[in-house]
Amino acid sequence: MKKVKRLYTEFQPGHYELRLEPNRDDAIFSGTVIITGRKTGRPSQRLTLHQKGLKIKSAKLTKHDKSGNQEVELDRINTHKSFDELRLHSPQMLYPGQYKIEIEFSGRITEPMHGIYPCNFKLNGQPKQLIATQFESHHAREAFPCIDEPEAKATFDLTLCTPTGETVIANTPIKAKSSKHKAQTTVFETTPKMSPYLLAFAYGELGYKESKTKNGVIVRVYATPDKVALTGFAVDVAVRSLEFFEDYFGMPYPLPKLDLIG
């Protein structure tokens, strides 16, 4: 059996600029990702990322060096299902250094509770659906091309396109929001440097109760509108727990807010 190779030894992402547009009705999503990072190791004619079940529409590779930006020709783009890989082949040799990878892709929202998945519930007798994510430990590759290994820590800028009027939450606070027709675009603040599996988002018909820790962290517990009244105990426990662990570890919570979903 061939040993699975660690992709982080060949390419180390520093930042992801990710835009996703899920379509709840058709159970699909489309997206674009711009990955900036460093190629390491030996020169080669290929850059490899993780992906699983994605359709790759286009890919562009740019090399950054002292002489400026140089687009690198790609003569083959293929996916390797057994290793969950996306392979970008070039006729020219790729030397170690800074690169930017731009990929346009699409995928499916699937019932198993990993990747991007639906949460079904009823509200006033009507069927409803939340869309949520579960990327731990190696399911981020089902949502976007990436180096899907815990040590491959990077920062993330996430933009989501969702139906107007629905609640949208992710790791960081909302930076900007705009609406056009029946769609809204939500831009989130840049995340801390973190593993890809920690990226998370959810959207749908949600309400919440909130409180604050003594250090000013906003804690919210979200639930479907008919269950918000039941979240008071969860808010209380969450605030006390966060305060306890900040004190216990002598380390402040690294984000301005903490969202929980029940």
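Is Lys-227 buried, partly exposed or exposed, and what is its relative accessibility? Lys-227 counts as partly exposed, at 39% relative accessibility. Here buried means under 20% relative accessible area, exposed means over 50%, and partly exposed lies in between (1.4 Å probe, protein chains only).

1. Basis of the note. This is a predicted model, in which local features need pLDDT of at least 70 and side-chain atom pairs count only at pLDDT 80 or more, while totals for chains, interfaces and linings use all residues. Residues are numbered from 1 along each chain as its sequence is written, and side-chain values use heavy atoms, with hydrogens and water left out.

2. Salt bridges. The structure has 11 salt bridges, each being a side-chain nitrogen of Lys or Arg within 4 Å of a carboxyl oxygen of Asp or Glu. One of them joins Lys-227 to Asp-226, with the closest N and O atoms 3.0 Å apart. Asp-226 is also partly exposed, at 38% relative accessibility.

3. A link between distant parts of the chain. Glu-205 and Lys-128 form a salt bridge whose closest N and O atoms are 2.9 Å apart. The two residues are 77 residues apart: Glu-205 is in the loop between β15 and β16 (207–212), and Lys-128 is in strand β10. Strands (E, at least two residues) and helices (H or I, at least four) are DSSP runs, numbered from the N terminus. Glu-205 is partly exposed at 29% relative accessibility, and Lys-128 is partly exposed at 28%.

4. A network. Salt bridges also link Asp-84, Arg-141 and Asp-148 in a network.

5. The largest pocket. This pocket holds about 720 Å³ of space. Among its 27 lining residues, Asn-171, Leu-198, Ala-200, Phe-201 and Asp-259 are the closest to its centre. Two or more lining residues come from each of β9 (115–123), β10 (126–134), β12 (167–170), β15 (201–204) and β18. On a 1 Å grid over the protein atoms alone, a pocket is an open set of points with protein on both sides within 12 Å along at least five of seven lines, a cavity is a set where a 1.4 Å probe fits but cannot get out, and lining residues have an atom within 4 Å of a point. By class, the pocket lining has 21 nonpolar, three polar and three charged residues. Ala, Val, Leu, Ile, Met, Phe, Trp, Tyr, Cys and Pro count as nonpolar, Asp, Glu, Lys and Arg as charged, and the others, Gly among them, as polar.

6. The cavity. The count comes to one cavity of 30 Å³ or more, and the largest cavity holds about 30 Å³ of space. Its lining consists of Leu-7, Glu-10, Phe-11, Arg-46, Leu-47 and Thr-48. Strand β3 (residues 44–50) gives the largest share, three residues. Glu-10 also forms a salt bridge with Lys-5, the closest N and O atoms being 3.1 Å apart. Glu-10 is partly exposed, with a relative accessible area of 25%, and Lys-5 is partly exposed at 40%.

7. A nonpolar surface patch. Phe-244, Phe-245, Tyr-248, Phe-249 and Met-251 make a nonpolar surface patch of about 630 Å². Such patches are made of residues with over 30% relative accessible area and no salt bridge, with nonpolar side chains (Val, Leu, Ile, Met, Phe, Trp, Tyr) joined within 5 Å. Met-251 is in the loop between α1 (232–249) and β18 (257–261). Met-251 is exposed, with a relative accessible area of 57%.

Notes:
Patch = residues over 30% accessible without salt bridge, like charges linked within 9 Å, V, L, I, M, F, W, Y side chains within 5 Å. Areas by Shrake-Rupley, 256 points an atom, 1.4 Å probe, with all protein chains shown as cover. Points joined across faces, edges and corners; volume = space filled by probe spheres on them.
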